[in-house]
Every structure is written in structure tokens, then in C-alpha cells.
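Reader: I am new to this structure and would like to learn how to read it step by step. Could you take me through it one feature at a time?

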Amino acid sequence: MKNAFNPASVRKPFGNYNHGLLVPPGASLLVTSGQLGISVDDVIPADVTAQAELCFKAIDAILDEAGMTFADVIRISGFVTRREDFPAYMAVRDRFTLDPKPVSTLIIVGGFTRPEFLVEVEVTAAKVI
């Protein structure tokens, strides 16, 4: 069981995440590479919502193959290219995350390997086996 930490001496989280999570000893750890908004058949949607959904669906498949779910995710790092895409990305992220909410970082970046990519997401998950 993960323990969430949101001390009263620290400002409440801006969204659906925790400031800290403590993973118990003996947990297996999974770290993903950044997932981009591209489908198996190389289609890249034009909008950030559809790209973020592809990112999180890819992460879901990786978690599943590792015997985990989004309930096991302890950290999400999201990267978007446009500040105005922040709310759309967060809406997708919030649909996929489960309690206890993971810790989360969102960074606005100058771009990715191809200009049509708008978002990239990576996670760390931990599960006691």
C-alpha cells in the first residue's frame, strides 16, 4: 500500500495529484520511456487531447504487460509544447489516473523529434508482489 503525503505546511496540490508517495519495501518498479501521441499505424492526431489519449493508452498497454494498472503508477512526467494545451492534457491525465493519485510534473518544452508531436508522457509504477 502506498502512502500519500500532502503536508499542511505545503500548498495544496494544484490538481489531482499528491506531493509525495511512499512505496513499501519489496515493490517491483517499472519505468517507461516517454510515450508520444502516435498510433501503431503511424497516425499522429492534430490535437493534444487525441495525442495525450494515445500516450496514456500506450502506457496502459505497457502497465498491463507488466501485470500492473494505473493504480500502481506513482509518478507521471508530462511534456507539452504549448502552455494553452495544459488543461486538455490534464483532463486526459485525470481520466486515466487512479487513487492514490500519483505525483506529477508537467513541463512546457520547445518541441520533440518531429514538429507534429504536441505531448509526451512517461511514468514510474510500483507494485508489491
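Predicted model: local features only at pLDDT ≥ 70, side-chain atom pairs only at ≥ 80, totals over all residues.

Reader: What is found at the start of H1, and which residue follows H1?

Author: At the start of H1, Asp47 has a side-chain oxygen that comes to within 3.3 Å of the backbone nitrogen of Thr49. Beyond the helix comes Gly67, whose phi is positive, near 75°.

Reader: Which residues of H1 are buried, and what covers them?

Author: An α-helix has 3.6 residues a turn, so residues three or four places apart point the same way. In this helix the buried residues are Val48, Ala50, Gln51, Ala52, Cys55, Phe56, Ile59 and Leu63. Their cover includes strand E3 (27-31) and strand E4 (35-36), together with E5, H2 and E7.

Reader: How many residues does the largest nonpolar core have, and which of them have the most contacts inside it?

Author: The largest nonpolar core has 21 residues, and those with the most contacts inside it are Phe56, Leu63, Tyr89, Val119 and Val121. Two or more residues each come from helix H1 (48-65), strand E5 (73-80), helix H2 (86-96) and strand E7 (119-128). Among these elements H1 gives the most, with 6 residues.

Reader: With which residues is Tyr89 in contact, leaving aside its neighbours within four places in sequence?

Author: Once those neighbours are left aside, Tyr89 is in contact with Ala52 and Phe56, with Ile76, Gly78 and Val80, and also with Leu106, Val119 and Val121.

Reader: How many aromatic pairs does a search of the whole structure find, and how are the rings of Phe56 and Tyr89 placed?

Author: To read an aromatic pair, one looks at the distance between ring centres and at the angle between ring planes. The search finds 4 aromatic pairs. For Phe56 and Tyr89 the ring centres are 6.1 Å apart and the planes lie at 40°, so this pair is tilted. The pair links distant parts of the chain, since Phe56 belongs to helix H1 and Tyr89 to helix H2, 33 residues apart. Phe56 and Tyr89 are both buried.

Reader: How are the rings of Phe70 and Phe96 placed?

Author: The rings of Phe70 and Phe96 have centres 5.5 Å apart and planes at 55°, so this pair is tilted. Phe70 lies in the loop between H1 and E5, while Phe96 is in helix H2, so the pair ties together parts of the chain that are 26 residues apart in sequence. Phe70 counts as buried because its relative accessibility is 5%, and Phe96, with a relative accessible area of 18%, is buried too. Phe56, Phe70, Tyr89 and Phe96 form one aromatic cluster.

Reader: How many salt bridges does the structure hold, and are Arg93 and Asp94 buried or partly exposed?

Author: The structure holds 5 salt bridges. In one of them the side chains of Asp94 and Arg93 meet at 2.8 Å, N to O. Arg93 is buried, with a relative accessible area of 1%, whereas Asp94 is partly exposed, at 25%.

Reader: Where do Arg82 and Asp85 meet?

Author: Their side chains meet in a salt bridge, at 2.9 Å from N to O. Here Arg82 is partly exposed, with a relative accessible area of 33%, and Asp85 is buried, with 7%. Another salt bridge joins the side chains of Arg114 and Glu116 (2.9 Å, N to O). Arg114 is partly exposed at 37% relative accessible area, and Glu116 likewise counts as partly exposed, at 33% relative accessibility. Salt bridges that share partners also join Arg82, Glu84 and Asp85 into one network.

Key: Residues numbered from 1 in each chain as written. Heavy atoms only, no water. Core = buried A, V, L, I, M, F, W, Y, C linked by side-chain atoms within 4.5 Å. Buried < 20%, exposed > 50% of the residue type's maximum accessible area, 1.4 Å probe, protein only. Helix = DSSP H or I, 4+ residues; strand = E, 2+ residues; numbered from the N terminus. Contact = heavy atoms within 4.5 Å. Polar contact = N/O pair within 3.5 Å; in protein donor to acceptor, adjacent residues only side chain to side chain. Salt bridge = Lys/Arg side-chain N within 4 Å of Asp/Glu carboxyl O. Phe/Tyr/Trp six-rings, centres within 6.5 Å; stacked < 30°, edge-to-face > 60°.
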